Amino acid sequence: MDTTLQGSDAASVRICPPPPLPGPATTYSKRAVISTSRSMPIRGYSCVPSATTKLWNRLFDEGYRADVCVQTENGGMIYAHANVLGIASTVIRGMLKQARKSGRRRLISILGVPHDAVRVFIRFLYSSSYEKEDMEEFALHLLVLSHVYVVPQLKRECERHLEHGSITTENVVDIFQLALLCDAPRLSFICHRMILNNFKSVSATEGWTAMKQSHPVLEKRLLKFIKGEDNRQKERIRKRNERQVYLQLCEAMEALVHICRDGCRTIGPHDKDFKMNQNPCHFVACKGLELLVRHFSGCKLRVPGGCIHCKRMWQLLELHSRLCADSDVCRVPLCRNFKERSKKQSKKEEIKWKILVKMILRTNCISGRPFFSWAVVNSS
C-alpha cells in the first residue's frame with residue numbers, strides 16, 4: 001500500500017514499497033544448461049558464473065606467479081599455483097608438501113595419462129569447467145585422475161558422460177574394469193548389464209581377449225554370473241508357462257460352470273431353452289470346452305485312460321469338484337461323486353490335488369481375476 005506524506009506547501013510525496021528481492025543467482029553458466037533438443041548439444045560444463053570461470057581460466061592460462069610445475073608424459077610441463085591445487089585436491093596438497101623445489105617452484109609429477117588430459121584436469125581444478133570436446137576425448141583419463149586425486153565433482157561428471165551414450169560393445173569391457181578400479185558402482189552396474197545383454201558380441205572383442213589374459217578371475221566371475229542368469233531366465237520362463245497353464249485352468253473351470261449352469265450357444269442343461277440369436281459368449285475357453293463336452297457325451301471309450309480327450313474331461317471334472325463349495329446345488333455332472341471319491345484316494349494323490357488347487361487359487365488371485373463365485377456360493 002502506498003503511503004502519502006503531506007507537506008506544509010500541500011505537496012505530496014508518494015513512498016512506494018521496495019521491489020521484491022531478486023532470486024538466488026544461478027551457479028551454472030549458459031554452457032552448462034542441458035538442452036532437451038537434439039539439435040542443441042551441450043557445449044561443456046561449468047558450475048560457477050561465466051565471468052568467474054573466465055577469470056580462473058585466465059589465471060591458469062597465463063600462469064601468473066605460478067609456483068608449481070607439473071611434469072607430465074613425454075617431458076611436458078604445466079605451470080600452476082600451489083594454493084589452488086592444494087585446496088582443490090587433498091592428495092595433491094600432500095604431494096606439494098613433499099615436493100622438491102626447482103628455484104622458486106615446486107615440482108610434482110602426474111604420469112600415465114596424456115599431457116592434454118592432465119591439462120584439462122588441472123584446468124577443472126581452477127574453474128570447475130570443461131569443454132565437451134575435451135570430455136569426449138579424455139573421459140576415461142579424467143575418471144582415473146579424479147579418482148586418484150579425489151576430485152568427486154569431476155568424477156561424477158565423467159561417470160555421467162560415460163553413462164549417457166559413450167559405452168559401446170567394443171569398449172564396455174575396458175570401461176567396466178576401469179569402473180571397478182575407480183569405485184564407480186553405478187557405471188560398473190551399467191557396463192555389467194550391457195555385457196550380460198550383449199554377451200555374444202562383447203566376448204568377441206579385443207577388450208574381452210585382453211581381460212582373459214590380464215584378469216582371468218574377473219572373466220571367470222562374469223561367466224559364472226552369465227550362466228546363473230541363464231538359469232534364472234529359464235526358471236522365469238518355466239514359472240511364466242506354469243502360470244499360463246493355471247490361468248487356462250481357471251478359465252476352463254469358469255466356462256465349465258457356465259455351460260452346466262447357464263448354457264452357452266447350443267449346449268447346456270437339459271431344462272435350458274436356447275434362443276437363436278444369443279449374445280456372444282465372454283468366456284474364452286467356452287468354445288474348446290464345448291467341443292470337449294460334446295465328445296465326452298458321445299465317446300464310447302469314456303473310461304479313464306481309454307481316450308485322451310475323455311481323460312482330460314475326467315480331470316477337469318475332478319478339479320472342479322475340489323474347487324466347488326457345495327456339491328448339493330452344483331449343476332456340474334459328477335461333482336458329488338468326485339468329492340466322495342476323493343475321500344478314498346491315497347495320501348500321495350490327495351497331496352498332488354491340494355497343491356494343484358492351491359496354485360490355481362494363487363494364480364487367480366495374482367492375475368487380478370475375480371474369485372470363483374461358485375466356489376463360495378453356488379446358484380442354480
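Axes in this tour are lines fitted to C-alpha atoms, for helices over the stretch in contact, and angles run from 0 to 180 degrees between N-to-C directions. Helices (H or I, at least four residues) and strands (E, at least two) are DSSP runs, numbered from the N terminus. The model is predicted, with local features needing pLDDT of at least 70 and side-chain atom pairs counting only at pLDDT 80 or more, while totals for chains, interfaces and linings use all residues. Residues are numbered from 1 along each chain as its sequence is written, and side-chain values use heavy atoms, with hydrogens and water left out.

**The whole protein**

Start with everything on screen. Of its 380 residues, 37% are buried; buried means under 20% relative accessible area, exposed over 50%, and partly exposed in between (1.4 Å probe, protein chains only). The protein exposes about 24600 Å², and carbon and sulfur atoms supply 55% of that area. Accessible areas come from the Shrake-Rupley method with a 1.4 Å probe, and for residues only the protein chains shown count as cover. Contact means heavy atoms within 4.5 Å. Among contacts between residues at least 6 apart in sequence, 55% join residues at least 24 apart.

**Stop 1: H11 and H12**

Select helix H11, residues 216–261, together with helix H12, residues 286–298. Their axes come within 9 Å and cross at roughly 60°. That makes H11 oblique to H12: angles under 35 degrees count as roughly parallel, over 145 as roughly antiparallel, 65 to 115 as roughly perpendicular and the rest as oblique. The crossing of H11 and H12 is right-handed. A crossing is left-handed if the near helix is turned anticlockwise from the far one by less than a right angle, and right-handed if clockwise.

Now show side chains. On H11, pick Ala252, Ala255, Leu256, His258 and Ile259; they meet Cys286, Leu289 and Glu290 in H12. This contact of H11 with H12 divides into six nonpolar residues, one polar and one charged. Here Ala, Val, Leu, Ile, Met, Phe, Trp, Tyr, Cys and Pro count as nonpolar, Asp, Glu, Lys and Arg as charged, and the others, Gly among them, as polar.

**Stop 2: H5 and H6**

Next, select H5 (residues 132–148) and H6 (residues 152–166), whose axes come within 9 Å and cross at roughly 140°. H5 and H6 are therefore oblique to each other, and their crossing is left-handed. From H5, the contact includes Met135, Ala139, Leu142 and Ser146, and from H6 it includes Leu154, Cys158, His161 and Leu162. By class, the contact of H5 with H6 has eight nonpolar, three polar and four charged residues.

**Stop 3: H6 and H8**

H6 passes H8 in a left-handed crossing. Look for Glu159, Leu162 and Glu163 of H6 against Arg186, Leu187 and Ile190 of H8. The contact of H6 with H8 has three nonpolar, no polar and three charged residues.

**Stop 4: around H7**

Go to asparagine 171, in the loop between H6 and H7. Asparagine 171 counts as partly exposed at 23% relative accessibility. Draw a distance from its C-alpha to that of tryptophan 208, 37 residues apart along the chain, and the separation is 9.3 Å.

Then pick glutamine 177, inside helix H7 (residues 172–181). Is glutamine 177 buried or exposed? With a relative accessible area of 12%, glutamine 177 is buried. Leaving out residues up to four places away in sequence, glutamine 177 touches Met211, Ser214, His215 and Leu218.

Serine 203 comes next, in the loop between helix H9 (199–202) and helix H10 (206–214). Serine 203 is partly exposed, at 26% relative accessibility. Its C-alpha atom is separated by 9.6 Å from that of glutamate 170, 33 residues apart along the chain.

**Stop 5**

Most residues other than glycine have a negative phi. At 55% relative accessibility, aspartate 183 counts as exposed.

Finish at asparagine 74, in the loop between strand E4 (68–71) and strand E5 (77–80). Asparagine 74 has a positive phi of about 60°, and with a relative accessible area of 81% asparagine 74 is exposed.
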